[in-house]
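Please look at the sequence and the model before reading on.

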Amino acid sequence: MSNPLQAAYYADDAQQVDAKITENRLLARETFLVRLVAPEIASRVVPGQFVMIRIHGLDDPLIGRALAVYDVHSGAAGEPEAIDLVYIRKGKLTRYLAGAAVGSVVTVWGPLGNGFAPDPCEHLIMVAGGIGQTPFVAVAKEALGHQRFGQRQTGWAKRVSLVYGARSADLLAGLDDFAAAGVDLQLCTDDGTRGRKALVPTVLEEVLQQSLQNTSAAAIRVLCCGPEIMMEKASEVAAACGVRCEVSMETPMACGIGICFSCVAKVRQSDGDWDYKRTCVEGPVFPAEKLCWE
Amino acid sequence: MASLSVSLNRLQLKNPILVASGTFGYAREMEGIVDCARLGGILPKTITAEPREGNAPWRTVEVSAGLLNSIGLDNDGVDAFIAHHLPYLSQVETAIIVSVAGRTEAEYVALSQRIGECQGVAAVELNLSCPNVSGGVDFGTDAEACRRVVAAARAACPVPILAKLTPNVTRITEVAAAAADGGADAVCLINTLLGMAVDWRQQRPLLGNVMGGLSGPAIKPVALRCVHQVRCATDVPIIGIGGIATIDDVMEFLVAGASAVQIGTANYYDPQVSTRLIDQLPGALAELRADSVEQVVGSLQLPR
């Protein structure tokens with residue numbers, strides 16, 4: 001049956017598995033990386049997709065959490081075997097997860113949502129705030145041709161920059177991974193403890209202006225993930241420069257697979273009006289101009 | 001192998017494990033993850049006469065062992081349901097029980113008739129109890145209004161009628177008896193309990209709609225109590241709903257008097273739960289030396 005939901009996507013690739021933790025380590029202040037053995041998910045996931053994770057058998061916390069896939073790790077045979085997730089220890093589930101021992105098992109289902117499209121460009125500018133950097137290691141590795149995800153093409157960007165802001169230096173997580181991938185890092189912090197003491201949209205504007213000196217606007221792409229206010233301002237900066245911009249929404253989800261209708265965002269329709277759309281199945285990545293910011 | 005089939009007046013189900021309205025989308029979403037044809041029945045998300053955009057976010061908030069929701073019957077209306085969702089649903093080889101909600105008795109009747117006349121619909125569930133939609137009569141809290149709407153829907157609808165009731169009443173037995181009197185083939189107990197969550201630092205409610213319905217394991221004892229009270233008060237078949245996530249939960253509801261159960265919130269946090277429960281059911285029946293589900297329904301022994 002073709003498309004009875006009038007939604008472009010379903011979670012048809014998703015698998016529900018009980019996955020063993022093989023690594024669970026601190027990356028930055030209150031920020032952890034957990035590695036889960038889940039070949040069914042690792043072989044399918046593409047950059048910008050997410051999984052739902054839940055502590056097996058517990059009623060409290062009850063509901064799964066949506067976490068972006070940070071990276072895919074291959075086994076000895078070179079086949080995708082495990083997924084890495086990066087999370088901040090903040091609520092009930094992440095506090096529990098941070099204390100979970102290597103060898104213990106969590107329930108995960110995914111891959112979910114639509115990733116960032118691998119559309120070729122000269123200069124890819126990734127824009128992250130807070131914990132919003134988590135999808136971008138995989139994006140950079142794919143875009144620069146270091147790693148294949150799923151069946152997708154690689155090497156679709158000539159240059160990749162990351163504009164990344166956090167409250168302070170000790171919250172910046174994964175900088176080594178970005179540097180190893182060959183990403184140009186443009187850091188900023190609210191307190192000036194690392195990089196510029198500036199807001200992310202300000203730094204983006206400068207990076208864009210510099211890029212536009214030798215690259216046409218049509219050959220630049222901006223991808224955003226982070227607080228909505230940051231994404232709104234960043235998308236305004238991109239629009240003013242005539243540069244294509246996509247944003248990854250993080251609205252509260254209960255299921256991740258399109259059945260609960262919790263995670264809605266106001267999305268512009270072709271008739272000019274808006275409708276609530278589920279970010280789990282119709283996003284989380286949207287063209288910035290389609291969103292009605294609240 | 002024990003017989004898993006159950007009869008609820010005019011409605012026959014191949015097994016007693018159904019999935020609750022609003023917790024399984026329109027089934028197509030689950031195709032990749034659940035073998036839907038194995039289910040005893042599917043209740044797609046409630047439909048209304050006109051499209052509804054639903055409530056402002058946040059629409060769900062997790063609480064201890066439960067979930068508060070205020071989705072607001074977000075749906076594209078009956079025309080879109082029949083055009084886009086029913087063709088898919090009707091080819092799934094299980095009972096499709098369509099949940100409908102109206103603001104007036106006439107709306108319930110018109111929706112029940114229209115849906116009931118569609119090919120591939122096994123029954124209609126009247127959602128008499130959605131706590132998140134204002135306006136209209138609250139048919140779930142007024143026994144006489146409940147009886148009238150069920151009777152009118154039954155007269156107009158060629159397939160069995162189920163009445164889904166709210167626990168947010170003083171005496172659920174009276175509303176259930178009224179639904180039975182109106183001709184409901186079964187009553188579905190319970191919808192969510194009205195609740196609320198507050199962010200004291202921001203000094204605001206967490207749900208966009210302020211209040212919402214509580215579901216999940218937290219409400220199971222309330223649901224069991226309602227099933228038990230209604231079982232004692234009337235003969236109408238009962239479909240139990242409320243926090244069911246394990247085979248023990250299923251058996252508790254059957255013993256307390258439910259002929260079947262609907263899995264709700266657990267579909268969100270354990271998408272494959274329903275078919276796993278079907279796999280586990282024969283073993284649990286064997287523990288009671290029962291040859292059929294119907295042997296254990298209402299087998300609760302009360303203290304003398």
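## Basis

The model is predicted: local features need pLDDT of at least 70, side-chain atom pairs count only at pLDDT 80 or more, and totals for chains, interfaces and linings use all residues. Residues are numbered from 1 along each chain as its sequence is written, chains are lettered from A and ligands numbered from 1 in the order in which they are written, and side-chain values use heavy atoms, with hydrogens and water left out.

## Chain A

Chain A has 294 residues, and 59% of them are buried, meaning under 20% relative accessible area with a 1.4 Å probe and protein chains only. Along the principal axes, its C-alpha atoms fill a box of roughly 55 × 45 × 35 Å.

Of the contacts (heavy atoms within 4.5 Å) in chain A between residues at least 6 apart in sequence, 63% join residues at least 24 apart.

## Cysteines

A disulfide is counted when two cysteine sulfur atoms lie within 2.5 Å. Over all chains, the count is zero. For Cys224(A), the nearest cysteine sulfur is that of Cys245(A), 3.9 Å away. Cys224(A) counts as buried because its relative accessibility is 0%.

For Cys118(B), the nearest cysteine sulfur belongs to Cys157(B), 10.0 Å away. Cys118(B) is also buried, with a relative accessible area of 18%.

## An exposed tryptophan

Trp200(B) counts as exposed because its relative accessibility is 59%, and the cut-off for exposed is over 50%.
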